[in-house]
Amino acid sequence: MLTLLKHIFGDGLTPDRRIAVFTKPSAQTRFFDDYEQLAAYAREQSPTQDVYFGVGLVAGNPQGRGKEEDIAGIGALWCDIDCVGPKREGKKLPKTIDDALALVAEMPLAPTFIIHSGYGIHVYWCFKEPWIFADEQDRKRAKTLAWGWHGLLCRKAAAHGWALENLGDLTRVLRLPGTLNHKDP
């Protein structure tokens, strides 16, 4: 958990730029500017809650997980690839993790991290350092890049007959590694 977060956000995590942690089913969001406190909270919540983290650093004190205009920077590009599993029968998805990994291998760059998410994988391509947005133009460029990167994966999946949803939005939350997936007990 900490290795991934520190690699993505590095020294971009500050009291002014925090990581959103969202739990479900409680639908609670907490913001952290300290990796150790975030990890302790995630471990405490994981036995009864699904625990997700925001891929974008959040500025200010937004309601909920924050909106696009609250995102102050990103440290990676990401993709979420679901595979066929419980509650996903009949969907046009990769059948196995190996199928999903083969799809990732078709991307133009090798990923930094691949995390098993329960019934699929989360894939991260980390930047050399976090991209902290200087202005709204930076945020728009990041949005275009993230949406386009995930879109490329979706197009490659479509060539295999799979229908993946583009989840390249800057406010995306993904399961925090080391926590439990409670969707299918």
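A search of the whole structure, which is a predicted model, turns up 0 disulfides, a disulfide being a pair of cysteine sulfur atoms within 2.5 Å. Cys83 takes part in no disulfide, and the nearest cysteine sulfur, belonging to Cys79, lies 13 Å away. Cys83 has 3% relative accessibility and therefore counts as buried (under 20% relative accessible area, with exposed meaning over 50% and partly exposed in between; 1.4 Å probe, protein chains only). Cys126 is likewise in no disulfide, with the sulfur of Cys79 as its nearest cysteine sulfur at 13 Å. At a relative accessible area of 18%, Cys126 is buried.

Turning to the sheet, 4 strands make an open, antiparallel arrangement in the order 4-5-7-6. Strands (E, at least two residues) and helices (H or I, at least four) are DSSP runs numbered from the N terminus, and two strands pair if DSSP finds at least two bridges between them. Strand 4 (56-58) and strand 6 (113-116) each have a single partner strand, so one side of each lacks a neighbour in the sheet. From one strand to the next, the twist averages 30°; angles run from 0 to 180 degrees between N-to-C directions, along lines fitted to C-alpha atoms, for helices over the stretch in contact. Strand 4 and strand 5 (residues 71-82) are joined by 3 bridges, and Leu57 stands opposite Gly73 in strand 5.

Two helices complete the picture. Helix 1 (residues 2-9) packs on the sheet and touches strand 4, strand 5, strand 6 and strand 7 (120-132), its direction making about 40° with that of strand 7; contact means heavy atoms within 4.5 Å. Helix 3 (residues 97-105) also packs on the sheet, touching strand 5, strand 6 and strand 7, at about 35° to the direction of strand 7.

Residues are numbered from 1 along each chain as its sequence is written, and side-chain values use heavy atoms, leaving out hydrogens and water. In this predicted model, local features need pLDDT of at least 70 and side-chain atom pairs count only at pLDDT 80 or more, while totals for chains, interfaces and linings use all residues.
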